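Colleague: I have just been handed this one and would like a walk through it. Could you begin with the terms you rely on and then go through the helices?

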Amino acid sequence: MLPPNTARGEVVVTLAGAPRRLCLTLGALARIEAALGLSDWSQLPDRIATLSAADLAAVLAALLDGGGEPAEIAARATVPEAASALAAALAASA
C-alpha cells in the first residue's frame, strides 16, 4: 500500500486485520450527512459525540469509500478499531 496522501487528508489504519486507507472526501461527507440525518456539515461535531453502532458503521463505510476501500469492511471492524479509525480520519482532515 502506498503511504497516505496527507495533503488530501488520507490516513491508513488497521481495520479487520489489514491496513485500510480512509479519507473524508466531499462525497464521504455527503454520505455521512445523509446517514446521520444532518442538514449541513456544521452539525457533525455534536452528532459525532452521540453515535450509535449503526451510525459508527455508516460513518466508517463513508470514510473507507472516500479512501478507495470497499465500504463493507466497516461491518467487519471491531468497535475499538472503528472508533480509533474515525478519530484518526477526522484528525487527518482537520
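Modeller: Before the helices are compared, a word on axes: they are lines fitted to C-alpha atoms, for helices over the stretch in contact, and angles run from 0 to 180 degrees between N-to-C directions. Helices (H or I, at least four residues) and strands (E, at least two) are DSSP runs, numbered from the N terminus. This is a predicted model, in which local features need pLDDT of at least 70 and side-chain atom pairs count only at pLDDT 80 or more, while totals for chains, interfaces and linings use all residues. Residues are numbered from 1 along each chain as its sequence is written, and side-chain values use heavy atoms, with hydrogens and water left out.

Colleague: OK, at what angle do the axes of α3 and α4 cross?

Modeller: They cross at roughly 50 degrees and come within 10 Å. The two helices are therefore oblique to each other, given that angles under 35 degrees count as roughly parallel, over 145 as roughly antiparallel, 65 to 115 as roughly perpendicular and the rest as oblique. Their crossing is left-handed, a term used if the near helix is turned anticlockwise from the far one by less than a right angle, with right-handed meaning clockwise.

Colleague: Which residues make that contact?

Modeller: From α3 they are L56, V59, L60 and L63, and from α4 they are A82, A83, A85, L86 and A89, where contact means heavy atoms within 4.5 Å. By class there are nine nonpolar, no polar and no charged residues; here Ala, Val, Leu, Ile, Met, Phe, Trp, Tyr, Cys and Pro count as nonpolar, Asp, Glu, Lys and Arg as charged, and the others, Gly among them, as polar.

Colleague: And how do α1 and α3 lie, parallel or antiparallel?

Modeller: Their axes come within 8 Å and cross at roughly 165 degrees, so α1 and α3 are roughly antiparallel to each other. The crossing is right-handed. On the α1 side the contact has A28, R31, I32, A35 and L36, and these meet D55, A58, V59, A61, A62, L63 and D65 in α3. By class, this contact has nine nonpolar, no polar and three charged residues.

Colleague: Switching to the core, which of its residues touch the most other members?

Modeller: In the largest nonpolar core, which has 24 residues, those are L15, L22, I32, L60, L63 and L64. Such a core is a set of buried Ala, Val, Leu, Ile, Met, Phe, Trp, Tyr and Cys residues joined through side-chain atoms within 4.5 Å. Two or more residues come from each of β1 (11-15), α1 (26-36), α3 and α4 (79-92), and α3 gives the most, with seven. I32, leaving aside neighbours within four places in sequence, is in contact with L24, L44, V59, A62 and L63.

Colleague: Back to D55, is that residue buried or exposed?

Modeller: D55 is in helix α3 (residues 53-66) and counts as buried because its relative accessibility is 12%; buried means under 20% relative accessible area, exposed over 50%, and partly exposed in between (1.4 Å probe, protein chains only). Beyond its neighbours within four places in sequence, D55 is in contact with L36, R47 and T50. R47 itself is in helix α2 (residues 44-48) and, at 22%, counts as partly exposed.

Colleague: One last thing, what about the phi of A16?

Modeller: Most residues other than glycine have a negative phi. A16 is not a glycine, yet has a positive phi of about 55 degrees. A16 is in the loop between β1 and β2 (18-22), and counts as partly exposed at 31% relative accessibility.
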